[in-house]
Amino acid sequence: MSTERPITPPRKQFPHQSSSGKKGPFDAGHKLERVQHFRYQKETHQKTDFENADNLFEFLGTLTFGDLADVHFSATVSRSDFLRKANSMSKSIKEEYFKEPSNRLVVFKDTESKVPRGHVTDTECRPDITAAFENDFGGDDTTFWPCIRMAGGWASEGSTSEDQETKAISYLHYLLLARPDLYVAQGMLASQDSMMFLVGIGGFGIRRLKIGWNDKKLSKLLYAFIYRTYDPGHFADSSYKLDPIVDEDNPPKWTITIGVKSQVGGVTTERPVPCPNLLPLYASSPFETRTHVFATKGEGVDVDGKKLTVLKDQVCRSRNRFDEHEILELVHEPKRVPGVVEAVYHKTIELPSQLGGLGVGRVKHRHGLRQLGRPFASIPTVKEMLQVAFDLVEVLRFLRAERNILHRDISIGNVMWAPPSEDKQDPDTSTQDSEVLYFSEAFLSDRYVSGTISQLGGNPLNLEYSPRRPHTTSVLLVDFNHAEHLTSKEDDQFVRVQRTVGFVVYYRRELPPDTRCYQGTALFMARAVEAGGPVKVATALRNRFLGPIPSAPHRYAEHYQDTRLKKFPEKSLELFTEAVNSSAPWRHELDHDVESVFWLMLYWAMTAWPERGEAGHIETTAWSSLTGSQDSRENLVLIHSLGSIPAGTFHSTFQPLNDLFRELAEILYSIDRHWIHGEEERNDPEYFAEAFQRLILQFLINHINDDNSNRFMNQPIDSNPRELIRKIKEVPLSSTTNQRSHAASQGKRASDTAEQSDPQAKRRRTTQEPQTDRNSEN
């Protein structure tokens, strides 16, 4: 993949911090990674109380320990007292139930000033109390996050009870991210007068029970709680196994055993296939759509003749209309579609029945994927970025027209860069549907021979004189878990989940209390999708415009003269004088996904600066608009459409992009097609796509053929992003140690720094800084 690109400068490292892995570039990029800051949200971190101690016992599912002698606690207990008695209990449990010499002793340590190592997000979260096997602690009393059996907090003086509990919940949050094998993470919040038992249930929420130190049931509860740290039982997924940590400078890896079905003599059997040496690349949303992504090192794992290089576990609602695997099967049937990730394995895993008490049923989907890609932000030149954008629109058009599929989540984490040299797409496996995908290189190469398919004898493969055949591309579209197949499963028995707004931490903006909180990445979302309805029509007639239908580049026009050129004849910008059509129902469509491509391009362009050049600073107002509310982004579109782009929006080297973004914004500022009557060409969901492709391709042609412009088009960008003129709040690296380690193993360039997140701080901001690493990633 490519070099890492931090988006904010490195913070000063804590003196006690241990390195969680060798520094190297992030290279696996199946999904853009962001180092995630914990922030408590009532809707996400749902808390439910256990009714009583017996209810918690039942949930733990351990022995009742009815004959256990009480361990007497006083009415108040100090931290040192608690640690001593917890370790005494742990020793007793080992001697009674885990006597074999191979079984290790779980010990509790005071780790308030220690940062555990090896977290997938590089967090600097520091649990006050950590339980792990004795020999998993180093000489400095630190351990690796995947080795932690329980993480707890000690109520600090001067903090409110709510803040104390939030801190303890943050430990569960990070423990579930670090322990993909756990369905349930164990935690506790101890104070001088009480103990709160906490369990974080992946995909559901938090359950808790508060009990006083002098309560007679406390000792047995604590005994059962510690017992579960030895034997997780139904709290864990047995298909996971943490690989031995032989090199403390490298991040921990996992072996995950998958079950591959086969038929022998008409009998279906399932054989276990270990997937060893899997490096965690990404983890998110532990209490919602809990997601973990791993990448293999080397050639991958053979699954029925196909190579599995990415493994993804994700918890989803059990009654969703579609799951990602189902969508990918529809995408690649009858023929493979280039530019879309391929699934080589899938299994639906039922969650333990003991975990279903918090609400709607959920299941875990395990996906094995063939391709790896680099993050969109790692694209090294303007030319390549624009080609990827053109090709992405082509893929989206094809999926909508030929497969009736909308992706509905185009964002910087779901659009990858995978140069064909790294992922060969042979002609005989590429799609040959009625409308073949022709990507940008086919229209840019000097060796291109124009002509329609019929003029080429009906065989699109006759265009193989291009350096890249017309059906090969550098774009790789991933994460179809929000996608929709438009013409199936319309029955009431299926739940239609609307594609809506969500907040990734470094993009998150504050909203009023009554605002709906949705899933997704708001920064890259179409304005209408964020609003949940069409963009409002301007009150004044003079401000109602129909965007232009730009002229098509010569080669593009030749190729599509009988199709797209007839459907979208060239037109100038004009006032919209018709009556507004307000009767049509609104829904997410192709034009909304294409608008997301605009925001993706703008994000890349605003943060890019030339390698070894002067970075300059991003103009603060422009960045605030990009990361602001829907109205702010609407205003940004207007400013760009008028050509009034503030100086500093783009680096001076990339100023020629002003013209392209002005023309693209002029398309977006057109009256929302929802208000246009059906006979108008610009009512077609493909209008944005057609206009974008013509404009991007023409810009590429103009500047590739211009020696002066060619330099900026092929100017490598720096691995660090530009900064804001005025720093508002520091944001952590999106490139994590694991991702850089994975890249280093494949010999890629390294980023110099690694940022970590601080779960203690409340990060409330309305203006966000650029992501801390351009080249990081599903």
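Predicted model: local features only at pLDDT ≥ 70, side-chain atom pairs only at ≥ 80, totals over all residues.
## A three-stranded sheet

Three strands make up an open sheet, in the order β17-β19-β20, and their pairing is antiparallel. The edge positions belong to β17 (374-375) and β20 (475-477). Each of these edge strands has a single partner strand, so one side of each is left without a neighbour in the sheet.

Strand β19 covers residues 415-417 and is joined to β20 by 3 bridges, the two strands running antiparallel. Within this pairing, valine 415 has leucine 477 of β20 as its bridge partner. A helix also packs on the sheet: α6 (residues 382-402) touches β19 and β20. The direction of helix α6 makes about 45 degrees with that of β20.

## Leucine 83 in helix α2

Helix α2 spans residues 79-97, and leucine 83 is part of this helix. Leucine 83 has a relative accessible area of 12%. Because buried means under 20% relative accessible area, leucine 83 counts as buried.

What is leucine 83 in contact with, leaving aside its neighbours within four places in sequence? The contacts are Phe108, Lys109, Asp110 and Ile129. For one of them, phenylalanine 108, the C-alpha atom is separated from that of leucine 83 by 6.1 Å, although the two residues are 25 residues apart along the chain.

## Aromatic pairs

The structure contains 26 aromatic pairs.

Elsewhere, ring pairs link five residues into a cluster: Tyr97, Phe98, Phe133, Tyr227 and Tyr230.

## Charges over rings

Two phenylalanine rings are described here together with a charged residue. Lysine 109, which is also among the contacts of leucine 83, lies over the face of phenylalanine 137, at 5.3 Å from the ring centre.

The other case involves arginine 117 and phenylalanine 144. Here the charged end of arginine 117 sits over the phenylalanine 144 ring, 4.5 Å from the centre of that ring.

Definitions and conventions:
Residues numbered from 1 in each chain as written. Heavy atoms only, no water. Pairing = 2+ DSSP bridges. Helix = DSSP H or I, 4+ residues; strand = E, 2+ residues; numbered from the N terminus. Contact = heavy atoms within 4.5 Å. Axes fitted to C-alpha atoms, helices over the stretch in contact; angles between N-to-C directions. Buried < 20%, exposed > 50% of the residue type's maximum accessible area, 1.4 Å probe, protein only. Phe/Tyr/Trp six-rings, centres within 6.5 Å; stacked < 30°, edge-to-face > 60°. Lys NZ or Arg CZ within 6 Å of the ring centre and 35° of its normal.
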